[in-house]
Amino acid sequence: MTENFVQLNKSNLLRLGIKDENGKDTGEYLEFDLEDIELPLKYQNLLEQEKKNRQNLKNQLMIIEKRQDVKGKKLMSKNEEDKIKAINEFYKKEVDVLNGFLGDRGVEKLLNGRKIGWTTLEEIDEIVLKQIQPYLKDNMTSIEDKIKNKYGHKEETDVLK
């Protein structure tokens, strides 16, 4: 008995290889399906959630800063400890939001064993997110054109504008 297989064209996949701090290929990569209609929505959600997370952290730190500080049970004061906890919670939320766009374990792949910190979030924004923006823009235009060509009629070409 012979089996028949069907495979979709994967020509619009963007694959970004990941290198470590020494420039050595880690064997890991991030992959984006530029034909995914939800990709721009995922990116938009990422930007919105990052903004909310930053504002939430700012509010928490302001509240901690305004309250009376007391000596902690160990090395740090209560306020210092609460600030660190708030920042750690912020990092966890940011990793979840980034992985929602980058894909399963995307941040972990990029970190390659490093711990996350403020500079790593900036690096991810600078290196990865800014690098993919032109592809998203170009692909949105391409998708719109494909939809117009397939479903549009000459007299209805303004429907998707």
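A pocket here is an open set of grid points with protein on both sides within 12 Å along at least five of seven lines, and its volume is the space filled by probe spheres set on those points. Keep in mind that every view below comes from a predicted model.

**Figure 1. The largest pocket, with helix 4 as its main contributor.** This pocket has a volume of about 300 Å³. Its lining takes in 17 residues, and I18, K19, L110, E123 and I127 are the ones nearest the centre. Strand 1 (13-19), helix 3 (106-111) and helix 4 (118-151) each give two or more residues to the lining. Six lining residues come from helix 4, the largest share. Sorted by class, the lining has eight nonpolar residues, five charged and four polar. As for the method, rolling a probe the size of a water molecule over the atoms shows where empty space is left.

**Figure 2. The second largest pocket, lined in part by helix 1 and helix 4.** Here the volume is about 210 Å³. Twelve residues line this pocket, with I37, P40, L41, M140 and E144 closest to its centre. Helix 1 and helix 4 supply at least two residues each, and helix 4 has the largest share, with five. Nine of the lining residues are nonpolar, two are charged and one is polar.

**Figure 3. Helix 1 and its buried residues.** Helix 1 runs for 28 residues and spans 41 Å from first C-alpha to last, close to the 40 Å expected at 1.5 Å a residue. Its buried residues are L39, Y43, L46, E50, N53, L57 and I64. When you read down that list, remember that an α-helix has 3.6 residues a turn, so residues three or four places apart point the same way. The partners that the buried residues of helix 1 pack against are strand 2 (25-33), helix 2 and helix 4.

**Figure 4. N79 and its link to R67.** N79 sits in helix 2. Its relative accessible area is 5%, so N79 counts as buried, the cut-off being under 20%. The side chains of N79 and R67 are joined by a polar contact of 2.9 Å. Setting aside residues up to four places away in sequence, N79 touches I64, R67, Q68 and D69.

**Figure 5. M76, in the loop between two helices.** With residues up to four places away in sequence left out, M76 touches E81 and I84.

**Figure 6. T26, a partly exposed residue of strand 2.** The relative accessible area of T26 is 25%. A polar atom of the T26 side chain lies 3.2 Å from the backbone nitrogen of E28. Beyond its neighbours within four places in sequence, T26 is in contact with I18, K19, D20 and N112. T26 and L110 are 84 residues apart along the chain, yet their C-alpha atoms are separated by 9.3 Å.

**Figure 7. T120, a buried residue of helix 4.** T120 comes in at 3% relative accessibility, so T120 counts as buried.

Notes
Residues numbered from 1 in each chain as written. Predicted model: local features only at pLDDT ≥ 70, side-chain atom pairs only at ≥ 80, totals over all residues. Heavy atoms only, no water. Helix = DSSP H or I, 4+ residues; strand = E, 2+ residues; numbered from the N terminus. Contact = heavy atoms within 4.5 Å. 1 Å grid on protein atoms, 1.4 Å probe; cavity = no way out; pocket = protein on both sides within 12 Å on 5 of 7 lines; lining within 4 Å. Nonpolar A, V, L, I, M, F, W, Y, C, P; charged D, E, K, R; others polar. Buried < 20%, exposed > 50% of the residue type's maximum accessible area, 1.4 Å probe, protein only. Polar contact = N/O pair within 3.5 Å; in protein donor to acceptor, adjacent residues only side chain to side chain. Expected span 1.5 Å × (residues − 1).
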